[in-house]
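Biologist: I've got a model open and I'd like to learn how to read its helices and its sheet. Can you walk me through it?

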Amino acid sequence: MIVDRPRIGFVGFGEVAYHFSKGLKDDGIREILAYDKNAKELTKGEIVRRRAREARVQLTPSLRQLVGKSDVIISAVWGNAALKVAGQCASYVKAGQFYCDLNNTAPSVKARGAEMLNAKGVKYVDLALFVAPDRDKHRSFMLASGDGARLLKRVTAPYGMNPEVVPGGAGQATTIKTLVNIYYKGIQALCLEVALSAWKVGIDPERLASLVVKPVESLPKDEEMAFWIIRGILHAERKAAELESIIKAVREWGVKPIMLNAARKRLKTVSEYGLKGHIKGHGRRASDRALLKAIGKAHKKSGSQIN
């Protein structure tokens, strides 16, 4: 069991690995290694080499050497390379090591990677990073799952890396991040559609900023999502109909209503679920949690009818 001064090895030395390394070094980790396939290239390699010098990280010439010298291996590559890297590392690992997959990839990829590495006696950790690490570095908010999550937390917490462990196997932390990203990415795309529409009609988007938060400005942050879900179910049919006129206006302004069309389709579909009858006492804010439970029960009862 590794409990003191673990040797950290990064596979891939991009932005995340660079910022994590700087923070870990400042907080007492003595030895950090990195392997990056671009390290020997002229242009990309110079960036990798400069970052390694700044973060006081030793670059290794091969993946085999990195794995052989590391106690905690952190994969920080592009998501489409995550499974391939896990497979390559599985050829070199030894029992007792940690393998942490920090990549933005599908939950199923994390689960498959865990199968390969667990078979070699390695503790696997699915790490899901929720913020850019340029400010808080290795102390940034993360979720962790998998058979090695709790032990990794014990190993790295003394050095400031303290992920929140969630129950479940590899892929669970990434599943939560994926769900959250549905919201984040949707909001980004919707705001772009609003901004483009505003520009078309000569309205400063800043004039809209205070107005779009009016419905939830008095709610605690952790109740906002419940508020929108509940209203979405209660008023789905009416809201879908109202969107018709909004979509018409946006088209007249010369903007393709991509997000609005999708919103209308989702609301119309939800109105057909028949969930409204499952919700009681929706006028009381205190019933938000109960309402969400009712939605879940209705979903389960409807089964495959819900898309």
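Predicted model: local features only at pLDDT ≥ 70, side-chain atom pairs only at ≥ 80, totals over all residues.

Biologist: Where is the kink in helix 7 centred?

Modeller: On N181, where helix 7 kinks by about 25°.

Biologist: How do I think about the faces of a helix?

Modeller: An α-helix has 3.6 residues a turn, so residues three or four places apart point the same way. For burial, the cut-off is under 20% relative accessible area. In helix 7, the buried residues are A173, T174, K177, E193, S197 and A198.

Biologist: What covers the buried residues of helix 7?

Modeller: The cover includes strand 6 and strand 7, along with helices 5, 8, 10 and 11.

Biologist: And the sheet, which order do its strands take?

Modeller: It's an open sheet of eight strands, ordered 3-2-1-4-5-6-7-8, with mixed pairing. Strand 3 (58-59) and strand 8 (164-165) are the edges, each pairing on one side only. Strand 8 pairs with strand 7 (residues 142-145) in the parallel sense, over two bridges, and A144 has V165 as its bridge partner. Helix 7 packs on this sheet, touching strands 6 and 7, and its direction makes about 15° with that of strand 6.

Definitions and conventions
Residues numbered from 1 in each chain as written. Heavy atoms only, no water. Pairing = 2+ DSSP bridges. Helix = DSSP H or I, 4+ residues; strand = E, 2+ residues; numbered from the N terminus. Contact = heavy atoms within 4.5 Å. Axes fitted to C-alpha atoms, helices over the stretch in contact; angles between N-to-C directions. Bend = angle between axes of the 7 residues up to and from the residue. Buried < 20%, exposed > 50% of the residue type's maximum accessible area, 1.4 Å probe, protein only.
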